[in-house]
Structure formats: structure tokens, C-alpha cells
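Trainee: I would like a close look at one helix pair. Please keep it brisk, and then show me what lies around it.

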Amino acid sequence: MRVLVTGASGMLGGATARTVAAAGHEVRTFQRGPANLEGVEDVRGSLTDAAAVAAAVEGVEAVVHLAAKVSLAGDPADFAAVNIEGTRTLLGAARRAGVRRFVHVSSPSVAHTGASIAGDDAAPADPEHARGEYARTKALGERLALDADADGFAVVVVRPHLVWGPGDPQLVARIVERARSRRLPLLGSGAALIDTTYVDNAASALLAALERAEAVHGGSYVVTNGEPRPVAEMLAGICAAAGAPAPSWSVPPGLARAAGGAVEAVWRIRPGEDEPPMTRFLADQLSTAHWFDQRRTRADLQWRPQVSLDEGFRRLAASYGR
Amino acid sequence: MSPAAPAALPREAEGAGQGPAAPAALPPRGLPGLDPAFSRLVDVPGEASWHVLDNGPRLAELGVEPVGTLLCVHGNPTWSYLWRRLVAAATAAAEAGAPAWRVVAPDQLEMGFSARTGTRRRLADRVRDLGLLTDELALPGPVVTVGHDWGGVVALGWAVDHADRLAGVVTLNTAVHQPEDDPIPAPLRLALQPALLAPATRTTPAFLETTLALGHPPLPAEVKDAYRAPYGTADRRSGIRDFVADIPVDESHPSRAELDRIAKGVRGLDVPALVLWGAKDPVFRDRYLDDLLGRLRFARVHRFPAAGHLIAEDVDYAAAVLEWLGERPRAVDDEPSAADAGARLWSVLESQADSDEPALVELAPPGGGGPRTISWRLLSRRVGELAAGLVAAGVAPGDRVSLLVPPGADLTAALYACLRIGAIVVVADAGLGVAGLSRAVTGARPDHVIGAVPGLTAARALGWPGQRISVARLPLPTRRALGVAASFGELIEAGRGTALPAPPPSSATAAVLFTSGSTGPAKGVVYTHAQLQALRDALASHYGVGVGTGLVAGFAPFALLGPALGARSATPDMDVTSPATLTATAVADAAAAVDATVVFLSPAAVANVVATADALSPSQRDALTRVRTVLSAGAPVARDLLEGIGRLLPNATPSTPYGMTEGLLMTAASLDLIRATDSSGSAEEGVCVGAPIAGVRVRIAALDSAGAASGVPSEEPGRTGEIVVSARHLRDGYDRLWLTQRDADLREPDGSRWHRTGDVGHLDAEGRLWVEGRLVHVLVTADGVLTPVGPEQRIGALPEVVRAGLAGIGPVGTQQAVAVVELAPAVRRPGIASPELAARVRAAAGVPIAAVLVVPRLPTDIRHNSKVDRTRLSRWAEGVLAGGRMVLP
């Protein structure tokens, strides 16, 4: 199969392109910067550029759509341009080009309203109640994708939860950087149970969705390692792998949420160079349980994670030369 | 139309029966749980029009022939909405191919959406009205009436008048008789005040609102609105007022004759009955339940401790009714006869009546002073005199007698006297705590309470029912204050020289024992004489206890059987309300007093007995060397404690049995076996409790993928499931808990009786039983079922861990296991484990563990102080792992 992978310059995008290629498919990648991957055809361009998108889908049978604006703060218009309009552009171009399978990569945050999630399966995307611009625009993007599902155009939504691994500039690098500068707090007791996804497991789940698309199209699937851990233990594991000190100070979650709201407001007016230290979204993520029922995902996608958390920590440590 | 009413009665004088007429109407659509398709209007020519819920048309559509009709009558101030779940459930059952029951549930006239006629209807009118309706509907037989509150009386009235068509009766919190010597309940008395009647019931919706506030848990707002729907205005509520005013408060009330007629007629009904009772009803208290059960001979009864007056809202009564309908063809009294039940419990007392050998030794008699020895001669005579005295005091066969007496000679005498005359002893463990004990005693409805001063004081303070009998002679003021009718001394004098009545048959009920309540409210477990006789025989043969055996009686349920076994029993000096304070010296002194070869200990006492061993004198140690058997029963005893007991009693075989209140001695494990099967040396999961003792059979009902014990019980080794047991000394049933009993009962085609224990475990290749936890504590993870005891033992074996509990969080089917540990030294605050400890716990557990939490102390059940309360632990873990505050479990 000829497969287009968008957003291949990111950690998961790159892993997915490699995994799909390793499964014997012909892979083309599409993103603004270079993908730096071997054995794939790299096309560069932006989702906001309709002509570039049309060229990218030319001649492919399947799309795995990862490209998105992922950030904790920023101009709402920027999020909408990529996560909603970019997705709309890609869906339209893909259908016109005769693409038959479309794996849309979403996020469990599209259905997260702030309450804890303990063993629930994927709920419908809820842009009205999603927290933050990223989740809201991703929820709308997911709806567009599912609305486009039709005979001959099999759309599957996959929502990997908290993807991490070696070379991750998002979650891991930020946690480690803040831990090193002693700016990483625990919210509350740090006991909130969270599921995460080691990057290779997320990539293999996307490949499984691609291969199972015609059987399970129209569905949304949360993907995780299925090994929930207290958030403090997870953070400590990542810090230990990187040789950084584990978080040791604690902020009451209510206070963090209030501070997050204030910081978000300021960042909107006067964006800082770094990500804001705390947003309401992040406060919710770090102080409430997020673990999922993986039975439907595993049965429908005929997939199981191959890399355990412990093995993931070992690989992460190796990437830090430890 | 109605019997002549003495209009002078003030409560009737004002405005009864007036109000504009209105025909029946259909309820508004959209009421929660009510399918409008079941509503129909029925006109009884020349009378009135009715709103009726009726699934008859739906059954006709399905093309199924009903096996009978459930005629459901609501009370005051509800309407047929009360029966919506029964209509829906019966229809769904018919759709699923089960026997089809037609459900007909009218709104009584002047009530609900039936007609307002401006007529005041009395009880007799209502019974007649219902008959006219069923004539109009041409209801074929057989009919089962179902009634709630005063609708239950109307339904029973219909039942009495249509006995030819009647197949059964169901009542929900219904009273049919107002005892003359008992005032009507205060809430109704208040509403019946002339000045209050109309304002409370008609002018304002106060009576309606009060009733709707009685839900346990509270009714959802939409459901309350549905109940309010037909009663929006004062005129619509006239029927409520007239219904309240029609309550026959005294002999002179115009409806009293009809109530008496129905109450009397109910006694003549020879159909099966199902009596469902919400115990938290402020109006219909337990005494009405007792009265009703005295009239319905073939009743199944389930008393729901947590449900109230609106029992139809509080519990799934519809499932109970359908289940009962399903079993009805079976004979109601199907218990096997107690043939060959062995010697009677008091046989040794009779055969040793001329023996001056000691029967009992009290090391600390209640009167103070040194040890007191009671010979067989004296005990035998005392039991006989007391038995005759109890008969003289009005204690009849089948009466329930609550024994609130500490272990010792008085309790023994009271117990055997009651057994001899066929009175049923109610025994509740002081370890239930005051509230639990009070619930147990009041729920068991004793006719008499025999107590020492603390027990009688509690009985008085908490308003426990029954005639009170004191073991001690009390000063008159105390006696008056406690409401004591007689003392043992008086009864013995009264009974001296009086012949005893014939003994009860072995099939008669002998005792109601209350369980620990560690898994919900205490349940009364019923034993017949034959079953207690079988228990005595099991103890005798398994532990070699017989006539002349010296026995230290430190565990009440078995110790009480000492005289029945012919054993010489010593009661050690101990505080029964606090068994954990029993000392090694107290045990040794008791052993010396009766030259004991057998020691029974309660599990809670073992730790302190072992801990106080250093205080023993050489002679006390010597007394303990003669002990051959030591038995700790009630809860599993940890190996290290049994080892400690083994050191204390060097020539004894320490043993711990597996059993429960429902079957006190099922398997037994010796210390040697426990050593050999300790988890470190075994691949088996759980705790080995030994092989079944002689006469006991143990099988396993395998768990399915949802964690339910749905398998056919078998003795196949290696299969994990619910432990089911059978023995002649198994309990008879549960007291007024028909549904509980149905769930726990298992009948095999060979006629054998089995009890579902609620424990999970498996049998090994040698036929030994391994306990893996409670069925309710089984986790169902995405990878299958997981039992807690094995992982707990492996985690508990880590050097820094004192004790571990396995909690399950999340939805069944995708649950996560959480290990909660107590450490040495103890932590001061709960929290998540260090990464190092978490790694060690995970490595030891052998199952995936999502989180490891440390706590200062694990929650345990109050009675045994040894079983980890995993239900509570799971609730706590679910909270803190969801991001809640890190509080103590």
C-alpha cells in the first residue's frame, strides 16, 4: 500500500513512518520541515497550503494524519488553522485523490471535561467541554474526520494517550528540563492514576488501525500501554531514566488550576518564549485519573502493546546514555 | 354503599367525600419508567371509571397465554405508578419466553388518575369496588394479589372474597391488624388530629410530600413529580384525606369490622405468600410484620434492613416477585425430616443427673470470689427447674429468647433450658458493637430477653422488644427501671417440682445465630435441633471430645456445646466484650481447673495469649503441657500465631478450622499442614485450610469471565471458584431473608443441601481446600479474574511489609489491582510507595499492580480484627487514585 504519513517530523510521526515502512508499505511523509527518515519519500509543505496538500495525496491509497498544532498555549486562530481547517483540507484532497483509508490521529483530551477517567472507553469528542484550544480544535477535527467516513473512504480515529519515548521534545524533554531546574511540582498527592503510551506502541497501533481500517471504520479508539501508574511514579520513572531529580514539592490541585487560568490569560496577550509553566489543562492532566478500558481497542485493532513500561524506561535511559 | 358511619366522630365531620366529580383520565406522557402503552381506562357501568395499568393487550400482541394475573393495589397516597417496574419486568420476562404473567394495577377510585366521584369510600367499599373492577375485566384465575400499605389490606380483602381464584398473595409493608393494646403509630395519630386532618392531607400536600420523602435512598425529583402528578389540587387530594380518615384507629371506627374480617380471613388463606418488608418504615414497624406472619402460614419473607416504607422504590421488588412466582409450584415446606438426628442436646444432662463430677468451672464467677464449680447434678437440676419456670413465665415452644448473658454457668443453664422446652435462642455476638447488636436483636424480634444487667440495660435503653428476665435477683428500683418481669431465682422456685413438657422435635428450630456483619448488616442464621446435634457430633468425632474431656471454653459457639458433649468445661477469666484481652495465665488456670486436654480459643484472643506467655508460672506451664488439642475458630489464624500457640502448648496439635456462622466446622488444618503448605513452599494460590472433616463435602462453583460463580459445583482440583459446602451440621436457613437464602441455597439432584459460602478458592489434588478470598473481592481485569489472597501473601512475605491488602478499582472487566501495604516501622501518613518499594511489591505480587500505596493501618472488620476490609480499601483507593485527597483509608 502507498501510505502518506503527515507530521512525520515529530516523535510519533517519525516512528509511525518507520513502522509502516517496515511493514512493507511504501511511505511518503508530509510536513513543514524535513522528516530526516531513510527509505521514505519526503514531501514538504503546510496543511494550510491546499495545493501542497493535493500534491501530497496524489497516488496514495491511505493516509495516517498526525500533523497538528500541539501546544499548551497560543493563539486560538493558529490551532484552528491547522487542527480544523488543515484536517478539512486533507480530508477533501484525500477523497478527491481516491484514498481509501484514513487514520486520523486524535487525543483522549477531545472527550475530557476535567473529571477523572477511571477505566472508561473512548467517549465521543466534545468540543463544547474540551479543555484548552488544543483539545477543542482536535475535537472539531475528529468530528470532521468521522463525518467524512463513507463507503470506500474508511476513517478510523486513534487517540494515543500521553505518548513518550526517546527523543520526545514534548512531554519527556519538558518534564526533564523542569525537573532539572526544580520547577516540576507534583499536584496534590501525585497518586492520580494515568495511562501513558510508549511511542513504539502508539506507532504499532496506528499501523494496526491502517490495516484494520475497512473492518473498524467509523470508530474512535483510545490507545495506551494499559499499565496505569500514579502520576508521581510516572514522572519519577522518566526523571530517573534521564538522571534528573524526581519532583519533590507539591501544589494543591485547586491552586494550580487557578494559577493555570491566570497564566493562560497572560500568555494569550503576551506569549512567552517557552510554554507556560502551568495551564488549567495541564493541572487537570496531572491531578486527575486518566486510565482507559482497552478491551475494545485491542479486540478491534487486533493489537497489543509490545513494549512494557519498564522496557520503555530502559530504552529512554539508554537514549540519555545511561 | 358504605356502612353507617357514626357521623359524630370529629375526624369524619368535616367535608368528607365532597368535591367535584371527574372521570378517569390517562396520565401525562413522559413519566419516568412508565410506558404509556400500559395505561387504559376501564368503565364499570353504573359505578365509576378507572385508570389501570394492564399489560394484557401487550401479551395478546405477543400471542402468549398468561399463566395468571397479578392484581396490584397501591396504598395511600400513591397510585399505580408504584407498580411500573413490575408491569415492565413481567412483560419483559414474557417477551423473553418466560411464563407470562398479566399485570393489572388499577388506581383506586378517588386516587391517582381514576375517577373522582365525590363519594367517601371506606375499606369495605374499596374491597367491593375492586371486585366490581375485576368482574368487569373478567379476570380469569389464577390471581395473585400484590399490595402495598393500605392497598395491601384492600388486596387481601379481595383475596379473602375470591379464594376460589386465588393462587397467592404478595404484600409490601402491609399491616392487617391493629392490636388493641397498642396505639397507632405517632405519625398517623398526628395526621388524624381533627384540626390537622384536612390541612395535612387535602388542603396542602403535606401528607403526600411526607410520604415521598421516605425513599431510601431519596427518590429522584422526576419520580417524585410523577407521584405528585394526579394530586395537583386540593380537590384531587380529597381521596387522600378520606383514606387517612378511614384508618380504623379504634374499636368504634366504622371500618374496624371490615379490617377484622379481612385479618381473620387471611388466616384461612391456604395459598403461598411472599412478604416483603422495608425495615425502616416509621409507620409499619416490625410488630405488624410479626402479626402478618402469624396469619400467613405459607409465607416467604424477606426483610430488607435498608429499605423503608416506599420499599417498591427502594429495592428490586419486581425481580423478587417474579422469582417467587417461578418457584411457587414447589412445595413450600420442603425441608427434609430430621430422621436419625442423634441424641438430644440435653441427653448428657439427663444421663449425668446423679453425677457429682464437675460439669462447669467458672474461674471468675459473676458474683466475684474464687472459682465456682457446678456439678452435673446441680446443672441438670437447674436446667430442669429453669425450663419449667420459663414455661410458667409464658415462654412457649417457638418463642424467641434473646440471650444477653456472658459465657458461664448462667448462660449455659439458660441455653439448655430454652432448648429443652423448644424456645428458640437468639444469640448475637457482643462483638457486633452496640448498633449492630441492636439491629440484630430488634430484627430477630425476641419474645423474651434473658440478660445480665448490662444486657438488660441495653435492652431498656434501645427499646428492644420482649419480656425481660434477669439472671440475677435485682433490687426493686433497678428491676422496675429495667422493666424486668422475673429473675432466674424466681423462675427456678416456680419450676421446682414441676414436670417438663414434651421436648421439641429434632426438626424444630433451635437457634438463630448472628453473623459478623463484616460484609453488610448482620444476618440471622437459623439452626434446627438436628443441625446443632450434628454439629456436636462433628466436634466430638473430629476433636475427640466426649464425656469426661476437660475443655477450656474460650470460643463461645463451640464452648456452649460442652455440656452436650459431656465435657467438663472451664470458662477462663476474661472480658467477653473484649476477647483480645484474654491472657495466657487465664487460659492456664482454666486448663488446670478441669485438667484440660482441649482448648478452644477465639481468633481475636490468640495474639494476646501468645504475647502474655512470659507471665506463666511453672505450675501454669505444667497445666498446659497436658493439652492435646488447641483449636482457634472463627477466622483464619496466621501461621506465626499458631506457632506461638504451639510453643505455649508443647504437646498439643494446634488447629484452625474453616467455617462460617452458616457451617461452623467444614475443614480443619493442623499447624503441620499449614507449615507444609505455607505459600513460600507451594505453587498453590491462597491459604490452605485443610481437607473436609468427616461428613462434610466441599465443591467449587467455577468463576466465569465476569467473575460470577456460575459453574456447576465440582470436586475437580485446580479450578478457582466459589466454595460450596454440604454437611448435616449446615445451617437451616436465614431469618426473614428469603432472597438471601435463595442466593445461598443450592440443591443437588440427590437431595443434598449445599451452602454457597461467598468465599473463593480451589481444591488441590489431595482434596485440600485453599481459600483465595471473598467472592465480592474478586477482581475482573481485562486479562481475567484475579483472587486477592495469593498476591497478598506474597507481598506480605516481603521483610518490610507487615500486612498487605489487594484492592480493585475501576469497572468490572477492566479493573486494576492496587496493593496497599502496612510497613514496619509504620508510616505516619498514607501515600504512594517509593519507586524502590513499588518495584519490590510488583516483583513479589505475581500479578500486574497499577499502584502501590502505603498506609499506617489497613482497615479491618471490627469483629475479628484480622480480615482486611477490602471493600472499604477499594473504595478508598479508587478515591485517592482518581486524584482525591490522600486521606486515611
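At what angle do helix 3 (residues 76–96) of chain A and helix 4 (residues 132–147) of chain A pack, and how far apart are their axes?

Mentor: First, the ground rules. This is a predicted model, in which local features need pLDDT of at least 70 and side-chain atom pairs count only at pLDDT 80 or more, while totals for chains, interfaces and linings use all residues. Residues are numbered from 1 along each chain as its sequence is written, and chains are lettered from A and ligands numbered from 1 in the order in which they are written.

Now your pair. Helix 3 and helix 4 of chain A pack at about 15°, and their axes are 9 Å apart. That angle makes helix 3 of chain A roughly parallel to helix 4 of chain A. Some terms are needed here. Helices are DSSP runs of H or I with at least four residues, strands are runs of E with at least two, and both are numbered from the N terminus. An axis is a line fitted to C-alpha atoms, for helices over the stretch in contact, and angles run from 0 to 180 degrees between N-to-C directions. Under 35 degrees counts as roughly parallel, over 145 as roughly antiparallel, 65 to 115 as roughly perpendicular, and the rest as oblique.

The crossing of helix 3 of chain A past helix 4 of chain A is right-handed. Which residues touch? From helix 3 of chain A, they include Phe79(A), Asn83(A), Thr87(A) and Leu91(A). From helix 4 of chain A, they include Tyr134(A), Thr137(A), Gly141(A) and Leu144(A). By class, this contact has nine nonpolar, four polar and three charged residues. Contact means C-beta atoms, placed from the backbone, within 7 Å. Ala, Val, Leu, Ile, Met, Phe, Trp, Tyr, Cys and Pro count as nonpolar; Asp, Glu, Lys and Arg count as charged; the others, Gly among them, count as polar.

Helix 3 of chain A has another partner. Helix 2 (residues 50–57) of chain A and helix 3 of chain A cross at roughly 45°, and their axes come within 9 Å. That makes helix 2 of chain A oblique to helix 3 of chain A. This crossing, too, is right-handed. Helix 2 of chain A brings Ala50(A), Val53(A), Ala54(A) and Val57(A). Helix 3 of chain A answers with Thr89(A), Leu90(A), Ala93(A) and Ala94(A). The classes here are seven nonpolar, one polar and no charged.

Asn36(A) sits between strand 2 (26–31) and strand 3 (41–44) of chain A. Its phi is near 55°, a positive value in a residue other than glycine. Asn36(A) is exposed, with 11 other C-beta atoms within 10 Å. The cut-offs use other C-beta atoms within 10 Å, placed from the backbone: 20 or more is buried, 12 or fewer is exposed, and in between is partly exposed.

Chain A also meets chain B. There, 22 residues of chain A are in contact with 19 residues of chain B. Strand 6 (117–120), strand 13 (229–230) and helix 7 (231–242) of chain A each supply at least two residues of chain A's side. Helix 7 of chain A gives the largest share, three residues. This side of chain A has 10 nonpolar, eight polar and four charged residues.

Finally, the partner chain. Chain B has 33 helices and 36 strands. Of its 889 residues, 54% count as buried. One buried residue is Ile240(B), with 23 other C-beta atoms within 10 Å. Ile240(B) lies in helix 10 (residues 238–245) of chain B. Beyond four places in sequence, its contacts include Asn76(B) and Pro77(B). The peptide bond between those two, from Asn76(B) to Pro77(B), is cis, with omega near 5°. Pro77(B) is in the loop between strand 3 (68–73) and helix 3 (84–95) of chain B.

Technical notes:
Left-handed = near helix turned anticlockwise from the far one by under 90°. Contact = placed C-beta atoms within 7 Å.
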